[in-house]
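Please look over the predicted model below. A short report accompanies it.

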Amino acid sequence: MKISKELLKGSTAIMILKVISEGETYGYELVQQLYRKSQGTFRLNEGTLYPILHTMEKEGYIESFRKQSESGRDRKYYRITAVGKLHLGAQMEEWTAFTKAVNGVLEGVN
Amino acid sequence: MFTISKELQSEIRRYSARIAYDIRSRRKREEVGREYAEHLEDAVYYRIVQCGMEEMDAFRDACDELGNVTKMQELLALTHNKDPLPMSVKVLLGLLCAAVVGSSYFWFENKIYRAYFVFILQLCILVLTIVLLIQAGRYLRALHIRRRAYRRLKEYAAQNGLIFIRRANSYRSIFQRTATPEWILETDTHRYILSLFATVKRRQELRLTDFQLYQYISVSGIRNMILLGAGAGAKTYSITSLGTMRSIYIGHTFHHGGQWGRLNVTLKLPKGFHLLPEIDWSSAEHPTKQNVRVLLLNPIPMKIFVLEHGRLRPSGDDDTVDGMRIWSASGLVSHLEGVRISGKHDHA
């Protein structure tokens with residue numbers, strides 16, 4: 001099922017941060033993980049992933065470093081910072097409240 | 001460890017460099033380009049090893065998956081290019097300079113009134129010098145950007161077997177509008193006729209209108225404009241709906257109230273609007289190839305709007321206005337690269 005861009009816009013950054021919080025990763029692997037975890041629902045526009053990562057790095061939520069990947073290639077990895085963890089926690093609380101409210105309205109309509 | 005061929009590695013590096021092209025900092029540009037190159041390598045590797053694709057097919061598919069290059073360039077430029085100094089900081093710096101200049105005079109002169117007069121004079125000279133330097137700096141920047149675009153297109157043409165022709169002075173349009181398309185870029189099937197249009201001020205919005213001068217006259221003073229289209233008929237538009245005005249003087253023969261007459265009037269365009277230049281396209285057109293008229297914005301402004309049929313709409317790279325494609329130099333190269341890599345027909 002294809003999800004509309006407007007719905008995706010608000011949730012992409014939090015999903016990326018969540019995946020990074022589960023373990024350090026690099027760009028291509030991140031896209032694959034997101035695809036797997038969403039059971040094929042989210043096929044992230046790969047080109048726009050890096051501006052999001054760079055913005056989050058600028059804001060201090062993640063940091064980057066270089067290391068060898070499993071395939072033996074040198075890659076730029078990202079890991080979450082302490083500030084990023086705090087931000088993720090706040091965002092997830094907000095998301096939970098939001099989805100609860102929306103579901104409340106939708107179930108009420110049904 | 002599986003490795004891809006040197007030719008493909010080179011293609012990947014070029015493609016990635018193009019994505020990062022609009023990032024001003026050289027260090028950041030190389031870093032981001034490298035990251036995209038590594039991403040493409042992984043994507044290509046996956047397609048070759050897991051899906052059994054051929055190298056170039058895997059590369060094309062990976063590039064498709066990556067998305068629109070122009071969009072990525074815009075996002076990366078927004079993320080990595082530094083914001084200019086805020087106005088408050090500029091004012092403070094200006095006052096500090098003025099204070100230093102003014103106070104230094106008082107160390108040597110005792111006559112207060114003369115000192116004040118000379119101080120103010122020096123301040124004015126300082127401000128004027130700064131303004132002139134800023135203005136000169138803008139033009140120097142525009143010249144530099146134009147030169148870079150020229151080199152880039154020339155190199156791209158040489159690398160890909162295209163024809164690049166310089167028909168007129170490449171820098172004149174920075175200072176005044178020109179009617180002759182300056183550059184031509186030719187593929188096997190298409191001729192891109194490039195007319196250069198410059199926006200010198202960095203943060204300027206560019207507003208284009210497809211009005212032609214001879215089509216508009218002001219009949220009843222400041223309230224209305226009458227548009228005379230081809231053939232009979234007239235429409236009126238309220239000037240106040242178009243915002244702050246600027247004057248252009250024209251003379252025109254018109255048909256009004258059942259009579260022909262001549263009216264010399266002042267035509268008012270909204271502030272900041274640029275009339276699309278009347279360009280002599282026919283002199284540059286190829287007899288057999290498909291001719292694509294291109295308004296090449298270089299330097300490109302922060303935002304572009306188009307006034308069409310009385311409505312203002314946002315515009316940007318890869319738009320069409322008045323029969324012309326609107327592109328920046330990077331946007332044009334992205335379009336050509338997309339056509340080359342995909343192998344599809346160019347629908348420009």
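## Conventions

This is a predicted model: local features need pLDDT of at least 70, side-chain atom pairs count only at pLDDT 80 or more, and totals for chains, interfaces and linings use all residues. Residues are numbered from 1 along each chain as its sequence is written, chains are lettered from A and ligands numbered from 1 in the order written, and side-chain values use heavy atoms, with hydrogens and water left out.

## Chain A

Chain A has 4 helices and 3 strands. Helices (H or I, at least four residues) and strands (E, at least two) are DSSP runs, numbered from the N terminus. Along the sequence the pattern is α-β-α-α-β-β-α.

Of the 110 residues of chain A, 37% count as buried. Buried means under 20% relative accessible area, exposed over 50%, partly exposed in between (1.4 Å probe, protein chains only). Chain A exposes about 6700 Å², an area from the Shrake-Rupley method with a 1.4 Å probe.

## The A–B interface

Contact means heavy atoms within 4.5 Å. By that cut-off, 22 residues of chain A are in contact with 23 residues of chain B. The area buried between the chains is about 2100 Å², with 49% from carbon and sulfur atoms. Buried area is the accessible area (1.4 Å probe) that two parts lose on being put together, summed over both. A:Y28, A:Y50 and A:R73 supply 29% of the area that chain A buries against chain B, more than any other three residues.

There are 6 salt bridges between chain A and chain B. Each pairs a side-chain nitrogen of Lys or Arg with a carboxyl oxygen of Asp or Glu within 4 Å. One of them joins the side chains of B:E38 and A:R66 (2.3 Å, N to O). On chain A, α2 (27–37), α3 (46–59) and β3 (74–80) each supply at least two residues of the side that touches chain B. α3(A) gives the most, with 8 residues.

## A buried serine in chain B

B:S170 lies in the loop between β1 (163–166) and β2 (183–186) of chain B. B:S170 counts as buried because its relative accessibility is 1%. Not counting residues up to four places away in sequence, B:S170 touches B:R146, B:Y150, B:W183 and B:L196.

The side chain of B:S170 also makes a polar contact with the side chain of B:W183 (2.9 Å). A polar contact is a pair of N or O atoms within 3.5 Å; within protein, one must be able to donate a hydrogen and the other to accept it, and residues adjacent in sequence count only if both atoms are side-chain atoms.
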